[in-house]
Amino acid sequence: MRWVGTPGMSAITRAMRGDLPVSFSCRITEVFRGEQHWNLLDAEGESHGPFSHVIIATPAPQATALLAAAPKLASVVAGVKMDPTWAVALAFETPLQTPMQGCFVQDSPLDWLARNRSKPGRDATLDTWVLHATSQWSQQNIDASREQVTEQLHGAFAELIDCTMPAPVFSLAHRWLYARPAGSHEWGALSDADLGIYVCGDWCLSGRVEGAWLSGQEAARRLLEHVQ
């Protein structure tokens with residue numbers, strides 16, 4: 001069994017945030033600490049803060065760059081290697097004649113695939129499939145063009161399923177540079193409670209979405225424990 005958000009995965013976080021103020025499309029490039037509080041600097045040069053506590057929830061390589069003011073944490077996070085994944089979406093006007101709804105794949109450039117219309121609440125106008133390449137294949141083709149990646153993974157998909165496959169009416173390729181940790185850890189989360197800074201992410205645990213959820217909960221638990 002797999003659990004999903006409806007009508008999309010973002011419904012989960014939208015429901016959780018409620019009325020909390022959130023800034024979107026704001027890339028933080030620096031996290032620095034004054035005498036008592038934290039301040040953030042974004043890519044446009046705008047400052048945000050002051051804040052008593054900071055939680056960094058990004059892939060490990062991006063978190064490392066934000067931890068200059070917490071060198072002990074930075075040194076731990078810098079040791080985490082993350083692998084890439086090429087992801088491709090293919091949409092077909094006529095549904096593919098296959099009972100397959102999703103699967104993990106072996107001995108193929110593909111690692112995993114899923115039929116989007118099999119999830120509740122999705123738009124079923126087109127038969128859309130999401131394909132994930134293996135970490136090894138993605139690394140070997142890290143600098144390939146989106147067109148090349150789409151063509152090769154489309155071909156691997158066609159070989160895998162036993163049905164006639166028309167040309168897609170829509171395709172999209174995305175290079176997920178920090179998709180999953182190369183190894184597993186059992187940290188839960190990382191923190192320097194005295195400084196008031198916490199780090200979480202799927203890479204702190206299993207690398208799966210469940211790991212991201214549990215890591216976020218652990219970071220929140222540590223923060224609340226410290227302020228109470």
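Trainee: Which exposed residues does the face of H6 turned away from its buried side carry?

Mentor: That face carries Val 209 and Glu 225. Exposed is a matter of a cut-off, over 50% relative accessible area. Keep in mind that this is a predicted model.

Trainee: And which residues of H6 are buried?

Mentor: Here the cut-off is under 20%. In H6, the buried residues are Gly 211, Ser 215, Glu 218, Ala 219 and Leu 223. Around the helix axis they take up an arc of only 130°, so they sit on the same side of H6.

Trainee: What covers those buried residues of H6?

Mentor: Their cover includes two strands, E4 (54-56) and E11 (197-199).

Trainee: How do I read the length of H6?

Mentor: Compare its span with the one expected at 1.5 Å a residue. H6 runs over residues 209-227, which is 19 residues, and from first C-alpha to last it reaches 28 Å, close to the expected 27 Å.

Trainee: Now the whole protein. How many helices and strands are there?

Mentor: You can find six helices and 11 strands. The C-alpha trace spans about 65 × 40 × 35 Å along its principal axes, and 36% of the 228 residues are buried.

Trainee: How do I read contacts along the sequence?

Mentor: Take the contacts between residues at least 6 apart in sequence, then ask what share joins residues at least 24 apart. In this protein that share is 59%.

Trainee: Where are the cis peptide bonds that join Thr 6 to Pro 7 and Gly 49 to Pro 50?

Mentor: Look at omega for each. Between Thr 6 and Pro 7, omega is about 0°, and Pro 7 belongs to the segment before helix H1 (10-17). Between Gly 49 and Pro 50, omega is about 5°, with Pro 50 placed in strand E3 (residues 47-51).

Trainee: What is there to notice about phi of Ser 25?

Mentor: Ser 25 has a positive phi, about 55°, although it is not a glycine. You will find Ser 25 in the loop between H1 and strand E1 (28-33). With 84% relative accessibility, Ser 25 counts as exposed.

Trainee: And how should I read Asp 107, buried or exposed?

Mentor: Asp 107 is exposed, at a relative accessible area of 85%. Its phi is also positive, near 55°, in a residue other than glycine. Asp 107 lies in the loop between strand E6 (102-104) and strand E7 (110-115).

Trainee: Finally, how many charged side chains are positive and how many negative?

Mentor: The protein has 17 positive and 24 negative side chains. The centres of these two sets lie 4 Å apart.

Notes:
Residues numbered from 1 in each chain as written. Predicted model: local features only at pLDDT ≥ 70, side-chain atom pairs only at ≥ 80, totals over all residues. Heavy atoms only, no water. Helix = DSSP H or I, 4+ residues; strand = E, 2+ residues; numbered from the N terminus. Expected span 1.5 Å × (residues − 1). Buried < 20%, exposed > 50% of the residue type's maximum accessible area, 1.4 Å probe, protein only. Arc of directions from axis to C-beta. Contact = heavy atoms within 4.5 Å. Lys, Arg positive; Asp, Glu negative; His and termini not counted. Charge placed at Lys NZ, Arg CZ, Asp CG, Glu CD.
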